[in-house]
Amino acid sequence: ALPETRLKRMRESRGLSQSELAEESGVPLRQIQLFEQGQRDINKTAAVTLYKLSKALRCRMEDLLEPL
């Protein structure tokens with residue numbers, strides 16, 4: 001299995017499903033799925049996407065970035 005992404009850990013610790021996070025953040029569900037599956041690099045996504053996710057998860061944008 002793929003290592004868990006920070007996004008997934010943060011989302012699960014907040015008790016949100018992927019679709020709930022999509023709804024709260026305004027980030028498309030498919031994009032969240034791709035981030036969590038490691039098929040899309042969250043470190044290279046637009047700052048506004050990180051901002052929306054971090055607002056919905058009540059964390060810092062940096063908390064969602066994967067270690068380099």
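The Ser 54 side chain reaches the backbone oxygen of Tyr 51 at 2.9 Å, in a predicted model where local features need pLDDT of at least 70, side-chain atom pairs count only at pLDDT 80 or more, and totals for chains, interfaces and linings use all residues. Residues are numbered from 1 along each chain as its sequence is written, and side-chain values use heavy atoms, with hydrogens and water left out.

Ser 54 sits in helix α4, residues 47-57 (helices are DSSP runs of H or I, at least four residues, numbered from the N terminus). With 5% relative accessibility, Ser 54 counts as buried (under 20% relative accessible area; exposed is over 50%, partly exposed in between, with a 1.4 Å probe and protein chains only). Setting aside residues up to four places away in sequence, Ser 54 touches Cys 59, Arg 60, Met 61 and Leu 64 (contact means heavy atoms within 4.5 Å).

Met 61 belongs to the segment after α4 and is partly exposed at 27% relative accessible area. Beyond its neighbours within four places in sequence, Met 61 contacts Ala 47, Leu 50, Tyr 51 and Ser 54. Tyr 51 and Met 61 are 10 residues apart in sequence, with 6.0 Å from C-alpha to C-alpha.

Elsewhere, there is a helix pair to look at. The axes of α2 (residues 18-25) and α3 (residues 29-36) come within 9 Å and cross at roughly 125° (axes are lines fitted to C-alpha atoms over the stretch in contact, and angles run from 0 to 180 degrees between N-to-C directions). The contact is made by Gln 18, Ser 19, Leu 21, Ala 22 and Ser 25 of α2 with Leu 29, Ile 32, Gln 33 and Glu 36 of α3.

Terms used:
Helices (H or I, at least four residues) and strands (E, at least two) are DSSP runs, numbered from the N terminus. A polar contact is a pair of N or O atoms within 3.5 Å; within protein, one must be able to donate a hydrogen and the other to accept it, and residues adjacent in sequence count only if both atoms are side-chain atoms.
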